[in-house]
Amino acid sequence: MSNYAMDVDVAKVGCLVPKMDDVKKELLVSMNELYARGLKTSCQWSADLLLSLEVGNNPKPLAKKIEGYKRPKITRSCLTSAPKRVPVSKPTDLYSIDQLPIAYHEMELYLHARTCYNAKEYQRASFWLKNCYSKIPLFLKMYSDYLAADSNIKNIGSEATPSMFKEYRNFLDYLSQLLESIRQQKRGDGYLTYLLGVVYVKLEQYEAAVKMLVESINEVPLNWHAWMQLGDLIVDRVKLSKLELPNHWMKNFFYCQKYLDLQLNEQMLGMTQYLFNCGFSDSIFLQSRVAVCYHNKRYIEIAVQKFQELIEIEPCRLENMDTYSNLLYVQHQRVELAYLAQRAVKIDKYRVETCCILGNYYSLHGEHQKAMRYFHRALKLNPLYLAAWTLLGQEYMELKNSNDAIQSYSKALEINKYEYRAWYGLGQTYEILGMFKHSLHFFKQAQLLRPFDSRMIIAVGNVYEKLGNVDMAFQSYLKGRAMGDDEKLGLIYLAKLYVVINRPDDAAKMFLEYIEEHGLDEQTRDHSHAYMFLANYNLTRMNFDQAFHYAQKCLNYAETKEEAKALLKTIVNERIYKEIDNLLKLTSIDEKKSKDYDKEEMPRQLELLSLTQKAEVNQSEDNKDDDNDDDDEDDDSDEEELLCNSISRYMILVDPSESDSVLDSVSE
């Protein structure tokens with residue numbers, strides 16, 4: 001039986017992973033080739049995988065099952081024994097300098113140019129390699145030329161003139177022709193083909209770029225640069241399914257990243273589980289993607305836990321820490337976010353992740369101008385940084401700057417049309433502007449990308465309600481409620497909709513359910529609205545105890561405080577009138593039995609009610625005269641306390657349980 005650990009049907013999504021010793025050999029060879037050509041990111045990525053295979057001479061345990069991921073049915077035979085771990089590599093397994101395929105007379109030039117390249121002096125590196133024709137020096141020369149031109153135009157930024165851009169494009173045309181000529185003459189390799197694909201991307205010749213990148217991946221499949229550049233061009237699920245990729249185990253990692261980018265979270269977790277079981281359980285790359293995936297699925301607690309584990313494994317790692325800062329921002333964890341920001345600044349304050357972390361920190365503290373400053377700084381470092389554009393749009397919304405918010409969200413969608421947060425932000429912006437048809441379009445786009453996210457569904461329903469389409473709004477609210485109602489809005493929107501369509505019984509049921517589910521958090525406007533409706537609802541049905549209870553709750557909210565005071569007086573008066581009516585009915589019955597009944601005699605209970613009410617009014621006036629020198633705040637609190645005490649005495653006074661004793665006293 002083949003030495004594979006099966007967890008998903010990888011034949012449909014990727015390719016089987018070979019034995020770990022074969023994987024290790026490939027990684028060692030590839031790392032030397034990547035390092036020799038200056039492809040640092042790919043080399044670092046390969047080192048992460050290599051590190052995940054072993055720790056010293058001790059084998060690592062197999063990966064545990066991913067939390068929250070339901071394992072699909074196994075469609076192929078499973079491995080009965082665990083893959084064997086690979087021992088620590090010997091120094092002889094690595095290339096030495098003199099083993100690199102470089103001509104002897106070019107070696108000194110290459111070494112000198114390589115030091116210049118490492119110092120980011122790309123023009124100097126290209127100069128020393130101008131007469132070298134071996135594949136490694138040739139790639140390093142052309143790559144240095146490309147980086148020199150690209151970094152120069154980026155450093156100039158907005159100050160670049162049209163002539164500068166024209167000169168830059170002419171250089172890219174020249175470089176593409178030169179690389180194509182080398183390719184046609186078969187003097188190049190997969191790395192030079194990769195560089196040609198990158199140049200085609202800059203020239204916006206995307207179909208040719210995809211063709212070159214796929215060809216490069218077939219020749220050198222462990223160049224992670226090529227996979228990521230190809231992934232940036234595949235922004236559609238249909239294109240991903242039609243992509244013809246080599247049958248190599250690296251394809252699994254590519255699919256992991258693309259599933260995450262395209263919000264295919266379950267598929268991503270399935271592929272990751274398979275790779276964990278194959279022996280990559282300690283890969284920081286995979287663990288970080290799992291954390292981001294849980295963030296996308298809104299499993300907040302699990303996502304935070306995963307990010308904290310990443311920090312413990314590698315404290316100085318900043319990649320994906322901006323996503324972690326988003327989680328802390330949403331949860332209002334100011335202390336943790338402050339600690340994360342302080343740590344990021346100490347590591348590298350000029351990283352885009354650090355800028356986004358600082359932006360979230362200042363935004364959480366309400367300093368939106370400072371937050372925008374850091375998001376702009378992140379975009380100067382990387383104009384294509386998607387998270388910064390989206391977060392910047394949110395800051396513009398906080399400052400009521402709708403035009404700039406729309407531009408920021410639109411820029412994010414230009415970079416990645418699958419960024420659901422940008423679609424959702426545009427929907428919110430147009431909803432605030434009162435352009436509900438536009439808002440509905442953007443919310444629907446967000447819902448297509450996140451079909452199981454209750455926030456998107458309820459947002460669509462809310463716009464339908466504002467457009468007057470009650471049926472569609474009702475269906476959306478019910479669907480959002482069925483999807484989990486993450487933002488706790490489904491019930492309150494349903495209740496308000498029942499009020500609009502004049503179904504008070506259903507509305508009261510929804511408001512009661514809302515209070516029961518979210519009673520621990522009673523500081524929102526929705527709670528005050530629910531309590532006020534229930535107070536009026538019970539008052540109309542003469543449920544005075546319930547009405548009194550909910551009206552008292554309304555005193556805790558500024559928006560309903562004054563209305564609640566008036567409502568409490570109304571409740572007391574209504575109850576008194578009801579008790580009077582009941583007593584009059586009783587006395588009318590007694591009148592028939594006794595002809596000596598005096599109509600002008602007031603029952604003692606009614607007299608007691610009248611005297612008590614007068615006493616309370618007099619006490620209120622006396623207190624008002626005594627406290628003329630107090631401030632307005634004290635007057636309000638005294639009035640409120642007097643009202644509550646008075647009402648309490650009224651409620652005790654007219655308690656039906658005491659009616660028998662009162663009637664006995666009246667008969668005496």
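I take a salt bridge to be a side-chain nitrogen of Lys or Arg within 4 Å of a carboxyl oxygen of Asp or Glu. The model is predicted, so I use local features only at pLDDT of at least 70 and side-chain atom pairs only at pLDDT 80 or more, while totals for chains, interfaces and linings use all residues. I number residues from 1 along each chain as its sequence is written, and side-chain values use heavy atoms, without hydrogens and water.

Salt bridges. I find 20 of them in the structure. Glu319 pairs with Arg289, with 3.4 Å between the closest N and O atoms. Glu319 sits in the loop between α15 (300–313) and α16 (321–330) and Arg289 in helix α14, so the pair ties together parts 30 residues apart in sequence. I call a residue buried under 20% relative accessible area, exposed over 50% and partly exposed in between (1.4 Å probe, protein chains only). Arg289 is buried at 9%; Glu319 is partly exposed at 32%. I also looked up Asp453 and Arg450, which meet at 3.3 Å, N to O. Asp453 is buried at 4%, and Arg450 is buried at 8%.

Helix α14. Helices are DSSP runs of H or I with at least four residues, and are numbered from the N terminus. In α14, 13 of 13 residues are buried. Arg298, which follows α14, has a positive phi near 65°.

Tyr374. I place Tyr374 in helix α19 (residues 368–381). Tyr374 is buried, at 16% relative accessibility. Contact means heavy atoms within 4.5 Å. Beyond its neighbours within four places in sequence, Tyr374 contacts Cys355, Leu358, Gly359 and Tyr362.

Terms used: Helices (H or I, at least four residues) and strands (E, at least two) are DSSP runs, numbered from the N terminus.
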